[in-house]
Amino acid sequence: MAGQSSFWTLQAFLELPGEALDPADGAIAEAIAAMVAGALGRGVRVRCERRGERPVTPADIGVAVSTNAQRTLVEAALRSAGVRGARVATYNKHQGLEHAS
């Protein structure tokens, strides 16, 4: 099926202290960035029938958030963690990207 993209979802759950449950709290964004940077640093790999096995790159990563304010926080936290190229968007935007590919 030429031209089709596949989306894989890895759901990760973060255990955060109760005071960090405010979605505008930067601690959540920092925890997400640490998880992404840690996975990249460990050399997580993906296997694809067409392209074989390769390391996951930031461009392979998408973080879905509820609001644009959360997007801004997560993008900043990822930059601070040295992660460039990961896609951060609202849930609705991610859904649109999936349907467009």
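In which kind of crossing, left-handed or right-handed, does α1 pass α2?

## Basis of the model

This is a predicted model, in which local features need pLDDT of at least 70 and side-chain atom pairs count only at pLDDT 80 or more, whereas totals for chains, interfaces and linings use all residues. Numbering starts from 1 along each chain as its sequence is written, and side-chain values use heavy atoms, without hydrogens and water.

## Overall architecture

The protein contains 3 helices and 4 strands (DSSP runs of H or I with at least four residues, and of E with at least two, numbered from the N terminus). From the N terminus, their order is α-β-β-β-α-β-α. Of the 101 residues, 20% are buried (under 20% relative accessible area, with a 1.4 Å probe and protein chains only).

## Packing of α1 and α2

Helix α1 (residues 26-41) passes α2 in a right-handed crossing (the near helix is turned clockwise from the far one by less than a right angle). Helices α1 and α2 (residues 68-80) pack at about 45 degrees, with axes 8 Å apart (lines fitted to C-alpha atoms over the stretch in contact, with angles from 0 to 180 degrees between N-to-C directions).

Helix α1 contributes A29, E30, I32, A33 and V36 to the contact, and α2 contributes L73, V74, A77 and L78 (heavy atoms within 4.5 Å).

## Confidence

The average pLDDT (the predictor's confidence in each residue, from 0 to 100) is 77, and 68% of the residues score at least 70. Confidence is highest in α2, at a mean of 92, and lowest in α3 (residues 91-100), at 64.

How values were computed: Buried means under 20% relative accessible area, exposed over 50%, partly exposed in between (1.4 Å probe, protein chains only).
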